Amino acid sequence: MLTAGEKPPTTAERVRPQVVSLLDPNLETTSVCLSVGYGARLDPQGRCGVAHLLEHLLFSLPKAGRPSFAEWVERRGGTTNAETGLETMLFHAQVAAEDARETTAMMLDSVLDPVFDEQVFDLEREVVVKEMVTAAADPADLVQDVVFEKLFPGHPIGRPIGGRIDELRALTSADVEEEYRTRFLTGPMALVVVGPRPVDGIDDLLATFPDPGTASPFAPTLPLPAPDLTPPGTPGPDFAWTCFAGRSPALDGAGKEAYTVLSMLLGSSPSSLLYRKLRVEEALSYAFESWSRFYTEAGVWRLLVGVEPEAVGRLVEIVDGLLADLAEGRVPDEEFAVARRKAEMRLVTQGETPIERARLTALGIRGGTADWSLDQARAALRAVTPAQVARAAATLRGDLAVAVRPEAA
């Protein structure tokens with residue numbers, strides 16, 4: 001992050017970042033993923049949504065008589081997307097292998113040297129606002145924003161990634177361009193390529209790529225506030241999405257893999273303890289999912305369940321009871337082994353899809369600031385013990401935030 005009076009790096013000051021090439025001669029496509037250590041947690045006060053809007057713009061801005069990067073890729077038969085997280089932004093494309101060099105060049109040009117246009121900005125801002133209006137009308141999305149705010153009140157991790165509608169509407173092109181030049185361009189970056197061969201001339205393409213740096217993009221960390229553990233409100237009359245969330249270890253914290261295994265024990269698979277209880281024994285829910293994400297100061301373990309309003313109380317009892325069973329050693333070790341294997345195989349199946357392999361690697365190396373590989377991640381999951389999962393369950397049970405949407409009027 002720049003301090004007052006500092007200027008963004010010039011082209012002459014930029015050097016190439018870490019590049020990861022994962023080669024498979026059997027592939028006919030090349031997947032390219034650019035990761036940037038920048039995200040929604042850096043949105044300034046009163047400008048919640050800057051990062052999300054910037055992500056949209058960088059793939060939507062035309063340049064030098066050519067269409068936007070997204071349209072350019074799609075017209076060549078490829079697919080492309082971009083995504084904003086709390087701490088990392090990804091830009092990725094999958095194209096025919098013979099188009100890899102031109103696609104990489106176009107991606108870098110679009111992301112690192114955009115031409116901001118007021119007309120495109122106004123249109124894209126309205127698109128993002130409509131996306132957020134749609135999300136606000138979906139209780140399954142809304143309840144997750146609510147529980148994050150309860151878990152991290154007033155902290156950057158607790159802010160909505162997509163932005164707040166009123167603050168998005170107030171953003172100007174100058175606001176977004178300022179954040180781009182002072183924060184986005186100074187964040188660590190890395191490029192991951194998954195394809196049959198390396199991208200031709202990648203050294204030349206990366207000659208003006210920003211220096212990725214060597215430290216975490218978010219150091220120093222911020223103190224974590226006490227979570228708001230007030231019970232959820234009364235659910236609405238028709239259907240209720242209930243979200244349980246608890247803090248887990250940070251990105252660099254020990255034991256975070258236990259929370260991933262815990263997600264399998266209380267996930268949507270027919271092999272999970274929660275599935276057995278909710279679907280097989282009591283038929284309370286059809287739709288539920290559990291997962292973990294990890295950030296600089298802390299991670300978040302989540303469980304999202306859709307139930308009829310009158311079942312919310314019973315749902316809370318079931319989740320609390322399963323966490324208690326896990327924490328107190330009343331679950332056979334075989335169940336841990338099944339969940340651990342499920343977590344590893346989910347990682348393996350993701351990694352066998354080229355574009356997902358590129359995404360996983362880009363997220364894992366965090367803009368070139370961390371050492372990560374699929375093999376390392378698998379080994380870490382295989383090393384998880386029942387005792388570690390028991391400690392994770394005990395921690396969550398004692399510090400679990402719960403929210404429900406819609407709430408009764």
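Leaving aside its neighbours within four places in sequence, with which residues is histidine 52 in contact?

View 1. The structure shown is a predicted model, in which local features need pLDDT of at least 70 and side-chain atom pairs count only at pLDDT 80 or more, whereas totals for chains, interfaces and linings use all residues. Residues are numbered from 1 along each chain as its sequence is written, and side-chain values use heavy atoms, with hydrogens and water left out. Histidine 52 belongs to helix α1; helices (H or I, at least four residues) and strands (E, at least two) are DSSP runs, numbered from the N terminus. Beyond the neighbours within four places in sequence, the contacts of histidine 52 are Thr84, Val128, Glu131, Met132, Ile161 and Gly162, where contact means heavy atoms within 4.5 Å. With a relative accessible area of 6%, histidine 52 is buried (buried means under 20% relative accessible area, exposed over 50%, partly exposed in between, with a 1.4 Å probe and protein chains only).

**View 2. Crossing of helices α1 and α4.** The axes of α1 (residues 50-60) and α4 (residues 118-136) come within 10 Å and cross at roughly 130 degrees. Axes are lines fitted to C-alpha atoms, for helices over the stretch in contact, and angles run from 0 to 180 degrees between N-to-C directions. The two helices are therefore oblique to each other (angles under 35 degrees count as roughly parallel, over 145 as roughly antiparallel, 65 to 115 as roughly perpendicular and the rest as oblique). The crossing of α1 and α4 is right-handed, that is, the near helix is turned clockwise from the far one by less than a right angle. On α1 the contact is made by His52, Leu53, His56, Leu57 and Ser60, and on α4 by Val120, Phe121, Glu124, Arg125, Val127, Val128, Glu131 and Met132. By class, this contact has seven nonpolar, three polar and three charged residues; Ala, Val, Leu, Ile, Met, Phe, Trp, Tyr, Cys and Pro count as nonpolar, Asp, Glu, Lys and Arg as charged, and the others, Gly among them, as polar.

View 3. The strands follow the order β1-β5-β2-β4-β3, with mixed pairing; two strands pair if DSSP finds at least two bridges between them. At the edges are β1 (19-23) and β3 (79-84), each pairing on one side only. Neighbouring strands of this sheet are turned by 10 degrees against each other on average, direction ignored. Six bridges connect β2 (residues 29-36) with β5 (residues 189-195) in the antiparallel sense, and leucine 34 has leucine 191 of β5 as its bridge partner. Helix α1 packs on the sheet, where it touches β3 and β4 (89-96), and its direction makes about 160 degrees with that of β3.

**View 4. Strand β8 and its two partners.** Nine of the nine residues of β8 (residues 299-307) are buried. One side carries Gly299, Trp301, Leu303, Val305 and Val307, and the other Val300, Arg302, Leu304 and Gly306, so that both faces are covered. Strand β6 (residues 240-248) pairs with β8 in the antiparallel sense over nine bridges, with threonine 242 bridged to valine 305. Strand β7 (residues 287-294) is joined to β8 by eight bridges, also running antiparallel, and tryptophan 291 stands opposite arginine 302. Four residues lie between β7 and β8, which form a hairpin.
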